[in-house]
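Biologist: Can you put the model up? I have a few things to ask about it.

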Amino acid sequence: MTAHSITVRQPSPAEAPPSVGPPIDASVDRTLKLIAAGSASGSSCAPALDSAPWMLDAGPAGSLPEPGYGPGASQDDPLPGAAPRQGELPASYREATEEELHERIRSAKTELGDRVVVLGHFYQRDEVVAHADFVGDSFQLAKAARTRPRAEAIVFCGVHFMAETADLLSTPEQSVILPNLAAGCSMADMADLDSVTDCWEQLEEIYGTAPDAAGRAPVIPVTYMNSSAALKGFVGRHGGIVCTSSNAAQVLEWAFERGQRVLFFPDQHLGRNTAKAMGIPLEQMPLWNPRKPLGGSTEEELMQATVLLWHGFCSVHKRFTVAQIEKARADFPDVHVMVHPECPMPVVDAADSSGSTDFIVKAIEAAPAGSTFAIGTEINLVQRLAAQYPQHTIFCLDPVICPCSTMYRIHPGYLAWALESLLDGEIVNQITVSEDVAEPARLALERMLSVVPAGAGR
Ligand code: 13P
Ligand code: SF4
């Protein structure tokens with residue numbers, strides 16, 4: 001099973017608008033509207049999910065008194081004060097119908113031709129995926145941008161850290177655009193440069209800075225791809241490395257060749273699940289809570305640590321439970337339960353397999369017809385897979401529709417605005433990583449690529 005292949009999707013100019021084309025069968029947006037209208041059974045975690053995300057934007061059209069991540073799985077997570085907000089989307093996009101937006105995007109893309117490449121993450125709504133030149137996971141998409149060096153603009157339909165990574169890996173002449181600036185990631189926001197630096201200084205006091213007899217540093221910092229470029233730069237400057245959910249074990253092995261222990265951020269679950277599978281005992285994995293002195297551990301506990309886990313999590317994957325897995329098994333005795341490693345450890349332990357979004361896609365592609373899968377990952381991907389593979393039974397472990405709040409902020413209205421602005425010679429919502437951060441961040445990414453070359457199997 002390969003982990004780095006990618007779906008290249010080139011919609012034909014004659015493709016039907018979403019209201020009549022096949023993607024609608026998979027559309028979470030359409031399902032939410034049907035539920036709201038009482039024409040379909042089911043429930044969502046937030047009634048506002050069936051309205052357009054510009055209701056959450058700053059400016060006259062905004063109606064949200066308290067800025068937050070918005071409806072969806074991260075709705076109760078605190079939004080950092082400095083998080084970017086999206087300004088008002090022009091009325092001609094807010095007022096357009098779904099079909100009009102589809103046609104405007106299609107026509108702008110045709111006119112722009114090779115000047116633009118549109119990237120769509122697996123978790124994007126189908127109405128956006130329909131226009132993506134490449135659909136894949138975060139790292140695949142960042143690399144996909146490189147295959148179009150003639151494209152002067154890369155429109156990244158995903159979240160902020162993904163657009164930053166695309167900027168790090170693209171050419172200096174290319175502009176990366178995030179159609180909605182409020183599309184951050186609540187997990188990435190759980191670790192910021194100040195609190196990681198503060199943690200690092202405390203660890204240096206406890207462990208010192210001198211290598212051991214084998215030349216291994218006291219601690220190697222490892223950041224998940226789902227983190228800001230500032231943190232990728234931090235690990236680059238401190239001898240550390242980036243990982244993704246498909247190469248975390250190989251990256252940890254690299255780190256243990258160079259260090260006595262690892263500081264892993266921001267996702268505690270990916271860190272714990274990966275380290276546990278490598279045989280590291282749970283008692284050697286203290287949780288570092290940045291709001292507590294010494295992260296909430298004693299000095300003795302920290303001296304025993306092999307992997308220090310940051311107190312971060314993904315609110316989408318935190319929703320999956322062992323009880324949901326038990327119910328799936330009771331309902332479908334032959335079910336294969338497959339979850340993302342951002343799920344809590346008891347869920348990963350109870351599942352039949354776990355892996356990155358690309359692992360999940362590939363496993364379904366390779367399965368014999370008539371297979372049954374219960375999936376623990378974001379609903380847009382699960383529902384799309386269910387529509388793409390009607391020969392299988394595929395369903396989400398969580399019966400409540402609760403998409404990623406921030407992926408949801410990218411709507412065809414913003415994509416149409418970004419593309420038509422390019423036609424008018426204007427680059428909106430450009431994501432740029434400053435050169436002082438970019439240099440060490442690229443180093444940390446390159447270290448990852450030296451361990452697991454792009455395109456290598458898992
Ligand atoms: P991928 O790296 O698999 O694209 O996952 C990104 C993500 O946000 C998972 O929650
Ligand atoms: Fe972040 Fe989770 Fe959304 Fe991925 S699914 S972008 S980790 S909040």
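Biologist: Is Leu-294 buried, partly exposed or exposed?
Modeller: Leu-294 is partly exposed, with a relative accessible area of 23%. Buried means under 20% relative accessible area, exposed over 50%, and partly exposed in between, with a 1.4 Å probe and protein chains only. This is a predicted model, so local features need pLDDT of at least 70 and side-chain atom pairs count only at pLDDT 80 or more, while totals for chains, interfaces and linings use all residues. Residues are numbered from 1 along each chain as its sequence is written, chains are lettered from A and ligands numbered from 1 in the order in which they are written, and side-chain values use heavy atoms, with hydrogens and water left out.

Biologist: Where does Leu-294 lie?
Modeller: In the loop between β10 (287–288) and α11 (299–303). Helices (H or I, at least four residues) and strands (E, at least two) are DSSP runs, numbered from the N terminus. Leu-294 has a positive phi of about 50 degrees although it is not a glycine.

Biologist: Switching topic. Which residues carry the "binding site" annotation?
Modeller: The unreviewed UniProt entry puts it on Cys-185, Cys-314 and Cys-404. UniProt positions are in the numbering used here, feature names are shortened, and annotations may be inferred rather than shown by experiment. The three span 220 residues in sequence, yet no two of their C-alpha atoms are more than 9.2 Å apart, so they gather at one spot.

Biologist: Which of them are in the lining of the largest cavity?
Modeller: Cys-185, Cys-314 and Cys-404. A cavity is a set of points, on a 1 Å grid over the protein atoms alone, where a 1.4 Å probe fits but cannot get out; lining residues have an atom within 4 Å of a point.

Biologist: What does Cys-185 touch?
Modeller: Tyr-69, Val-159, Phe-161 and Thr-406, not counting residues up to four places away in sequence. Contact means heavy atoms within 4.5 Å. Cys-185 sits in the loop between β6 (175–177) and α7 (193–207) and is buried at 13% relative accessible area.

Biologist: And Cys-314, what is it in contact with?
Modeller: Met-187, Asp-267 and Glu-342, again leaving aside neighbours within four places in sequence. Cys-314 is in the loop between β11 (307–310) and α12 (322–331), and its relative accessible area of 10% makes it buried.

Biologist: Where is the cis peptide bond from Phe-265 to Pro-266, and what is its omega?
Modeller: Omega is near -5 degrees. Pro-266 is in the loop between β9 (262–265) and α10 (268–277).

Biologist: Last one. At what angle do α3 and α16 cross?
Modeller: Roughly 30 degrees, and the axes of α3 (residues 98–112) and α16 (residues 412–423) come within 9 Å. Axes are lines fitted to C-alpha atoms, for helices over the stretch in contact, and angles run from 0 to 180 degrees between N-to-C directions.

Note on methods:
1 Å grid on protein atoms, 1.4 Å probe; cavity = no way out; pocket = protein on both sides within 12 Å on 5 of 7 lines; lining within 4 Å.
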